[in-house]
Structures are given as structure tokens and as C-alpha cells.
Amino acid sequence: MAYSSEDLATMDSIIKRYPRSRSAIMPLLHFVQSRIGFVNGEGIELIAQLLTLEAAEVSAVATFYTQYKRTPVGEYHVGVCTNTLCAVMGGDAIFEGLKEHLGVENDGVTSDGKVSLEHIECNAACDYAPVVMANWEFYDNQTVESAKDLVDSMRSGNPKPPTRGPDTLVTWKEVSAVLAGINDGKANEGLQAGAPTLLGLKISKEGK
Amino acid sequence: MTKLVPVLSEHWDEKDSFTIEAYTRHGGYKASQKALAMDPDAVIQLVKDSGLRGRGGAGFPTGMKWGFIPQGDNKEHYLVVNADESEPGTCKDTPLMMANPHVLIEGCIIAAHAIRAKHAFIYIRGEVTHVVRRVNQAIEDAYKAGHLGKGIEIVLHVGAGAYICGEETALLDSLEGFRGQPRLRPPFPAIAGLYAMPTVVNNVESIASVPAIILNGAEWYQSMGTEKSKGTTLYSLSGHVKNPGQFEAPLGITLRELLELAGGIREGHRLKFWTPGGSSTPIFTDEHLDIPLDYEGVAAAGSMLGTKALQIFDETTSIIRAVLRWTEFYKHESCGKCTPCREGTWWLVQILRDLDAGIGTEEDLNKLLDICDNIAGRSFCALADGAVAPIISSLKYFRQEYLDQLANKGPLFDPMDSTLFVSAKAGA
Amino acid sequence: MTTTEIVDMITVVIDGFEVSVPKGTLVIRAAEQLGIQIPRFCDHPLLDPVGACRQCLVDIEINGRAFPKPQASCTIPVEPGMIVKTQLTSQVADKAQKGVMELLLINHPLDCPVCDKGGECPLQNQAMSNGQGQTRFEGVKRRFEKPINISSQVLLDRERCVLCARCTRFSDQIASDPFITLNERGALQQVGIYEKQPFKSYFSGNTVQICPVGALTGASYRFRARPFDLVSTPSACEHCASGCDMRTDVRRGKTLRRLAGDDASVNEEWNCDKGRWAFKYVTAIDRLTHPLVRNDAGDLVQASWPEALSAAAKGLKENRSAVLVGGRATYEDAYGYSKFARIALGTNDIDFRSRISSDEEREFLAARVVGSTTTYRDIDRADHVLLVGFEPEEESPIVFLRINKQFRKRALKVTAVASKLSIGVDKLKGQFVKVAPGQEAAAIAAQTLSAQSIILVGERASESAGALTAVAALADSTGAKIAWIPRRAGERGAIEAGAIGNLLPGGRPVADAAARVDIAALWGISVLPSQIGRSSDEIFAAVNSGAIGALLVGGVDPLDGINSQAALSALDTAFVVCLEIAPSEVTMRADVVLPVAAITEKSGSFLNWEGRARSFDAAVADSLNRSDLRILSMIAEEMSAPLKLSTVSAAAKEIASLGPWEGARASMKAVNAEKAPTLSGDQFILNSWRRLLDLGTLQKGEENLAGTARQTIAVISPKRAQAMGVADGDLLKISSALGSVTLSALVEDIHDDAVWAPRNSQGSQLLINLGVGHGAVVSVVKI
């Protein structure tokens, strides 16, 4: 059993957030990822048992959402936005560059298990294009070179911090716990906003 | 020249703007105090009078939506905030929640009071960890400060990567623990929404706009914007502009004005095409620079204000490549429920890949349009309508480029020319 | 009594024609009323509308306001002032439908020539009627691994699937078995199971039937036939008392498949997998082909029909004789046995209950069941369903579906008086009134019901003394209705036919002189025996004591009771005439064996638990085998006591002429519950029932079906398990004085005093292995 009694208590508290238990499927799947790194059969069966559902029902939900992974990803999961705007602005070149640099294809994991790579869809940071996400933290205004430096820093065990995010990049499992709704105490770290977010405000204050 | 009016964004430039201290320092939670002392119907009326319309894309009047909730029905009511910001080009709710999550919490308190809901849910897409942290912390702090927990509860729910969950009924299914596929309507959420109970689903920006309206009054809000599009809103400029970013302005500002504020198109280039409100809104060109960016103005010109996600592309960009990539996005995000969207996006991608490679004939363009006609308005929800919007509009404005590409039997553009790196080099 | 329901009617115009339909009717079905067929895939009248396939798009306007785009007619109810234009009158609708059809086909393989659905495929048919003939798709089709087994009996070909979600909605909404679901997303969306959990639903075959393409196929029928080679006959299911309407498809004298028929008042359009897929027993077993007669050397040898009939008549005439007829006889056959006993043998010694039974039950049947008019409709209207000695999902699956429908629709309250919480009751979120086996009576008495409630009593209630007495009392005190639901298809008919010692045909009590006169007059004889007949157990005892010398036995398995030793010894002792389709424990002991027609080879009817006639014709037209009724008539002729029932229709006509009994019903003596046994150490009280899929005779030869049977387990409570140090999967040995079974343990919600095991499953044939029934004390040890 990969889950401690503390884990089970946490899962119980997740279920209790909702008026109806089934609503807890998604945070529970994030929680499974925080413990296992991906959604495995044991996790699906455990959730089914906790929510008195059939495993098929849980699996149907898990396979619908792209953030739930069926196989292990890296300690740092890197997503390069290749939706139109980022792609045009350089995302395609960054993605190609990283594939070559890491020697992996889309959805691949480096042999040391440190970095996995995925091309992702628009991540709501278009004014910071091209955007790279690592463990779903923002790395804004990337270039092919900066992205290579970023993954190198991950592989050397000292990842660069996100542009807009906590002071240090936490691991995939740790992030998954945050997505399960567990407060990691890092909300107050990092910028309140990057320069593009503040551009209109700045111009307005300058009286234009 | 329309002036920028920062309301939502007013205090974003303070380092600690996201904390409850900063929010309270600037009068935060006074609006909810005021609203909670009002009759719920009076709150609804005030929001109706303000003219606030939904900022998630459709522009439905917010107060009217609240007014649809049956009163005295002895049922639980729910407020659900749609923070699943995923429409390509859209990037306003994310920085808003990052910089000032408390305005959203306060908006929830007011809205929940108005619709007689005890529970509110904030559904945030799963790919924005730091936003999740900020909102979670804000909820915690609001509980500690006593703003929550006294009749109104807020639960944060984090998505897991599915664009379709931005569709309100898909969002509700997802929140109930199902696959995020849209529901049949009617019944509409106001009658049978979350857990089949009366539910209001509002966009983040809509809800965040409410506290200022409560504090400053409907007339104040009414005084900004255009005849039917009131108030201020966040316009998000991205792409080939010199200075991309968020611009909060009264509704009705034009792209020409916004471009001027953003320093224009990047050096040495000119505008080719742009989206007024995300990739699902038909594209515009440099013919449309002076269209007032309000709900009516954009619609009259054949597109939609949508999320005011202004993605700007200059002349180095291949329209076919841009459209193909969006089409691939819609194929990836189609939920699979209905035939036209599921099968249609599968087919469209294959045709556009050929066209991008310069393979095909003019007849294929007509076929492409006919397939779009068989998809648009035939699918279960609006996703597929969005999927064909860039195709149809690009063929409207850039048919010749498609033909040229076919004549060329290959791409006409070097993708490197449109990257930021090239201009960085050029500028260096 | 009929109640007139006032229905609001709404008039709409479809393609220029007015039609009035009840409020709430969907446009697609209003169009059907006019004979306008709008193409569709996901739509199914018994499933919630989903609007997924978009094939049924039509143009709609309401009071002059037109919808801006075509609407899915399967999701929109009619409204006053609605004008609908289908593909017949709207170019927009026609183009929309053709467009959707083209899209549906782009990823559909062109394997119709090898697809089982070919020839009866809604996709194929509607592509012809509403498609455009040519595709413009030149791209790459979606590929999946060709059919995968999602259970031992259902295969899934994902390439053919059009994702209408009928199957997944059926499994969830109708069967409450959400073992198949939609998985993945977008163009990769596909039906599937959870990898470790096959589609083991008792109702899985319905998904094959409602699949509008060849995506779901039954393992037993795959590649066997083309629809146009099959001859279809309406039939009735012989497997249980639910009474499903069925269709039997035969090619060259061989049944190739059976499908659920459409009867809105009974099975709607569903059936269970046993009804659908257990039919090979007719051919799988070694059928008797010729009469057999025991010769002087004591060997059974082939004989001519005249020889055999003469031997049978002689033996029955020379002895005091009794009749045993199994619960699977048709109504007409049962009537034949009943009349034969009275006319040819001059006795009321007849009993159809070849199973565990009691005198309390026999009185209950005469007092409460014969002539009863409780129906499925009463379940639809009930405020509360009480289950006594009855597990609907296992013992009458369509009753389960009907309760489930009402549970899902309006949270119908269900209470089960039982020792173990069953899977089916759990699905119904039923209140589980937990009792020790044998102590049901007190729990029944404690129930609160109303006149709108219904008590569903299974045949197993007879195994708990006082239970049926308590049911009768509860019904009397509350006004609740009673429905007695046996397992076998022929039991209700046998009661109505008088194939039991205390009843004559038509519910006439044997003890009532006027009733006897009625029947004697009908049959044209002067007098009928007046003494209440013996029960099965009493008949066997009478043979063993010498009071009875001959038995006429039809369709009986002597191992089905707890007194099988007495039964076998009686069969060894008596002169036995046996009517059977195949060699059995009875035929090997018989003196005359007469082969009879199997169900597919004859016409007739069953009365289902409601008492509703389910008639059928011979599916196999050219069988030479004769029905029991015909053979009984021949023996009776030989005995110079003619039945005058030469054909099934003659019997049906005579039954119909009888009319209902207007006189007093037989009364019922109250029976007290037995005292609970005192248990010591490793002792438990046995609780068991037969599962739907088990070692039943009629499931012989159906390996695919057997593959979906539930696992054989022994269930004990958490408390006892803890005391014994037992965990799930440990082996438990259950022993009686006669023998033992060793089964894998499952710790579940069951009375602490009880151990549950299936009665007739692989490795657990309790009547044979233990020789004891419900309420018996057994020992259970961990090994």
C-alpha cells in the first residue's frame, strides 16, 4: 500500500470539501499523482473504493484530462506552448530545440528521470510569449537558449526559479499536491505581476 | 483618444497586492459588507442597472443571469466561478487572480448573497499552479478574517487540462466528478446546474467587477463604456506588438488606440491579422482597426468580442500555419461527445496539413468551406463553431494566400521570420 | 379497474402534417407518429436523451420564431405552435443530416462484408437512406486494435463505434452496472472497460442489441449467420418467471440467437443475458430420440411408441399413482398433467414444486397467489417495495430492472428482509433488514407499509417457517399488495392449471365441493377426487412407504430438493413413467421414458409471475417431437380416460372457457417461526440462493455466458471473520452432516450468525454437497 494513514486522512478531508463525494475525483487524482507521480491502477481502484464507484467510472474521468498521466513523468515536467501565438513567436523552435537537446520526443522522459517534455496548449500567458511551463509554473519570454539552460539546470539538480511563481521550482509530485488543493505555504512567494500585466496600469499612471 | 481606466488593475503594481492586508488597505471587503446589509434582490437590481455583462465571452448581462435563479424554492443554490481560462489568446483572469485574488473572493460573497447561495466554487484550470496557490491562500485568509464561513463557503476546485471545461455545463459535469462534456440545455444551470440545483456560472472578471460596482454604484459603472457595453474591461494584447500586456479600458476602445499604447506593431513590420477575442472569434485584419471593441461593434463587423484576447500577427506570419495550429488545438480539445466536432476536427486538421504543405487545389478550399458549413451550428456546443471560425474567416480575407501556397506547392513563409528571436536579433 | 389518466395533448405540424401527441413527447417521436423517420443513432426511447450523434437535425420554428440553426429532434419536446421541417421538406435539415452522415463515415471502416451487423445495421441502412453515396474523405482513418473482448461474451470493435453512447448509457441508466464507460477524449474517445474489470453485467447483451453499428458483438453469434438467412419467430423466455417477450432467430432448424422482444408492459426492450444467450442446451444435451421401456432383464431399451404408451398406461393403471411435474412446464402442459392426474389417475396427488417447498407455501399459493392480479405496473406505482426471500437481480432480472427504473426515476424505497446484502439490493440503495436465516417472520411483521406498497415474495420464503404467514398478515394489516415471484417460468401457470394437490384448474379449491362440480362439468365426468393431494415430499414418502406404486414424472430434477435421498429411493422403487427431453436422474430410474419436445419445438404459453400469458409458437418448425400435452393425451387414450386435449390450442380454449373462480378462496393456517438455533464455536446458519448464471441445466453448453458468472465465494460478517482470523480470499470449509464445500472467503455485510454461499454454482452445489437448505446449522472453518 503506497498510502499512509495520513494520506488516507487527507483524502478523506478532500472528499469532505464537497456536498457530494463524487466531486472529489479530480483532486483525488491530483493527490494520487502527488504520491505516485502518475495515475496508476492502484490509485484508480483506491479512489473508486473511497467514493463507492466502479473503477471504470474513475478511469473514464482520469483519461479525459490531459494533466493526469498514465506513465511516470520527470521530476520536472516541461511544457512548451505551441498553440498558434506562442508557436509563431518561437514556441515551435523552442520545442524542437528541447527535443533535440534532451534527446526525447513529445511525452518523452530523459533517461535520468529528471525531465519530461510535452507540447502544451495555450496557458493563459500570451502577453509573455513564448511561454514554457515547468511543473505548471510560468517561465515567461523564453528563447531556445533560455529553455535549454532551464532544462540543464533541472538536470543538474538546481532548477532555475519560475518567472512568476515561487522562489524555487518544486517537484512534480509537490505541485500535484498543490493542485489537489493542499496549501504548500508558498502563495506569498514571487512577483505579484510581471511587467506586461502592469503595462496598462503604468501607462495610465503616466497620464496617457 | 480613449483613456485607460484601471479599476480591476488599480493596485496591481504594489508588491503585496495579492495579500488580504493590501486588499483591505485599499478598501477591500467594504463592498461585501455593504452588499450583505442589502436585500439580495436589491443587489441583483444594482448589478442589472450597472449594465455589467459577462466577461467570459458571451456577454450575457450578469444581473439578469442572477435574476433567473428561482427564489424561495427551498433548494440549495450554487455559485460557480469559471476560472478555467483556456481560450487561446486569453490571459486576463490568470494575472487578475495572481495579483488580486481577494477581489474575486469578495465578488463571490456578494454574488452568493444575491442569489441566496451558501456555497461557491471556484474552478481554476489545473495548469497554473501559482494562481491556485494565491487563490487557495486568499480563501484561507478570508476565512481567518471572518469574511467566509459565516453563511458563505468557498471551495477551490482545480481542473486537469481540458479546454472544454470552460463551457459552463461541461464545467459543472467536471465539478461533479464526471468527464467534462457539455450537458443538454434546457435545463439551463439557473434551473438545474450543479447537483441539479439552481446555479449561476460566472467568469472571474465578471465576478471581480462586482465589488467596485457595489461601492461606486451603478451610475458610476454606467458612465463608462458604450451604449450597450458598460464599464471597463481588461484587453489583453499579445503577439507581434512592441509591448504586449494588459490594458484596462472602457468598453469600446479600438485596436488602433490600443496599439498606440502598446507602442505599435513590432519594429519594421505591419499588422496582418488579429483575433478580437480569442481564437474562436473570426479574425480581423488591418481593415478593422477602428472598430469599437464592444459587444455590438465587434459583432457588427462579423466577429465576437469574446474574451478581448487581441492576438496580433504581422506580415511574417503564415495564415495557413496559424489556422492549422488552431485547428489542431480544437481537435485536441474536442470532448468527443458529438459527431460534427469529433470527426470534423479530425478531418479539418488533415486537410489543413495538406494545404500548409502546399498540397491541393482550389476545389479543396471549397470542400473545406463546405465541411465547415456541415460543422458550424450542427454540433452540441460552441467548441466546433469556434473551431471553424478561424478557417472560414481566414478564407474570407486571405483566400489568395491559400491559392499562392498551393501554386508554390509549399510554405510561403519561413517560420523563423515571425519569431521573437529574429526581432531581438534585428533590434540588437 | 382502470384509471383514466388525463394527458395534455399538444398539436404540432411536421412536414406540413398536423399531429397531436402527449405533452413531453420528443419531436423525433412525434414524427414517427406520422410515419416520418428521422435518421438517428444515439436516440433510444428508453434512454435519457443525449443529443450526441447529431444525425436527427431538423428545422424548427415556434410561433413564427425559427431556431437559428437545425436542432436535434431527439432532445426537443414538442411545444404548442411548433412547426418542424425534417429532411423531407427542409434543404437545411437535409444537408445537415447528410453532412453528419458523411462525418460519421469518415472514420468508419468499410468492413460491412465481414461485419455481423451487415444487413440489419442502422448505420448501413441510414447511410443508404439519408447519406450522399460518395465520401469526400481522402485522409487517414482512425485505427484501433480490432475486436477486443470486454467480457467472455461481448466483443468491442472500436473502429466501428460511432460513439452514440447507447451502450454506456444502458449500462449506467438501466442496469446500474457502469462497467463500460467512455474513455479518452475527442477523436480518440472510445468505449472501454477498466482494464482489470470485465463487463460482467447480467444485462450486457442488451448493449449488443442496441448498438446501431457492429461495434459490439456477441461472442456466440459472431460470424455465424447473415440476418437475411434467419427466420425469426416471436417467443417467450423459458428461463424465469419475468416473462420476457423474445425473438428467436433460426437458420435451417437451428437456433442461432435470441433477442429481447418489445413489450412495454413487461420487459420493455430488455432481457437478461441468460435469456439471450442460454439456448444451446436444447441441442447441446444428448437428446432423447426414441421411447424407452425397461425390459424383463431390467434394461432400458428402445421401444416403439405404441409399445411404450401401452407399457406406461398399464403401469399407471395397475398402481396407485401420483404426478410430479417440474416448474418449467408450459401452462398448457401443466394443465394436461393436472387433468391427467384427476381423470386418468383419479388423484389429487400432483405437485409442480420440484424444489424446496412447504405446506405453508402450498396454502399461501392457494390463498394469496392463484388468481392474483399484481403486475409490473404496481411496481411502477408503488411507494415502497418489500423484498422477502427474493433477490430480484438474481432470480427475476426484469423485475430488478423495473424496480431500478423507479428507483432511478423517483428514488423508489426498497427494503429487503434478508441475511446478506446482495449486489442487486445494494444497487437499489435498499434498506437492508438483517435477519438470521430462518428468523424472517418477525422482521416481516415489523415492517411498515401502506396500501400503495408491494411485497415481492420469492419462492425461497417457503424455506423459512412463518415467513409467508407473516407476509399474508402484513398485507392484511396494511393493504399492501403481494406478488409471489418464483424462479421458474412455469410455476405460476402450474398453480393456475391446478398442478398442485390443493387446487383444481382456474383457482378452484379442491376442498370446495362447488369448485369440484365446476371442473367435473367442464371435463364431462361425474366426480373428482375430493381429498387434498400430497405434496412432492409426501409423494416420495408415500412411495417409500408403499402407499403409492407409480409415478408420472415430467421435467423434474430430484436433486433440486433437500430430500434428494428420499426422492431417488422413491424413483428406484416406483413404476416410473418419465416425459423428458434428455437422459436424467429420473430417466435412468424410469420404467417408461417418453421423449418430448423442447421449448423451441412446440407452441404454448407461460404465465409469468403476474399471471400474464406469454404465448409462443414453435421456433423450429419441422420438429417431430411432441409436446407433453400430446403425449399425456395419448397415454390417457391408452388408459381409456381421454383428456380430449389433442392440441395446445384445444387446451388453451378449454382453459379459457373456465373463467375465474367466484367462490371463496382457500384459507391459510398460520405457521409459527422456528426458534433460532443456539450456535456454538464454528457454527453458522446457512443462507443461499441461486445466482442467475450458475450450473443450471438450461445453461449447459454456454461457456461464453458462464465466463461472466459471479465468482463463487462464501460470505461471512466482519465480526465473525475477525474472530476467525479470516480475510478476503482465505479458504473456508462449510460442512454439514452429509458433506462439505471449500470456498474462497468474502467478508461482507451479512448477519453475524449467517454464512452465505451460492446454491448451485461451480464448486458450490449446496443441495448436493451439503444436502441442507436455508436455515440449517453448518460448521465453517478456515483452512
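**Chains A, B and C: questions and answers**

Reader: Which residues of chain C does UniProt list for "domain: 4Fe-4S Mo/W bis-MGD-type"?
Author: The model here is predicted, with local features needing pLDDT of at least 70 and side-chain atom pairs counting only at pLDDT 80 or more, while totals for chains, interfaces and linings use all residues. Residues are numbered from 1 along each chain as its sequence is written, chains are lettered from A and ligands numbered from 1 in the order in which they are written. UniProt positions follow the numbering used here, feature names are shortened, and annotations may be inferred rather than shown by experiment. The UniProt entry is unreviewed, and for this domain it lists residues 230–286 of chain C.

Reader: How far apart do the end C-alpha atoms of residues 230–286 of chain C lie?
Author: The span is 16% helix and 35% strand, where helices (H or I, at least four residues) and strands (E, at least two) are DSSP runs, numbered from the N terminus. Its end C-alpha atoms are separated by 25 Å.

Reader: Which element gives the largest share of the side of chain B that touches chain A?
Author: Contact means that C-beta atoms, placed from the backbone, lie within 7 Å; 74 residues of chain B contact 67 residues of chain A. Elements giving two or more residues to this side of chain B include α5 (93–99), α7 (129–144) and α14 (319–333). The largest share, eight residues, belongs to α7(B).

Reader: What distance separates the centres of domain 1 and domain 3 of chain B?
Author: Domain bounds come from an automatic or database domain assignment, with domain 1 at 20–222 and domain 3 at 319–416 of chain B. Eight residues of domain 1 of chain B contact eight residues of domain 3 of chain B. Taken over C-alpha atoms, their centres are separated by 35 Å.

Notes: Two residues are in contact if their C-beta atoms, placed from the backbone, lie within 7 Å.
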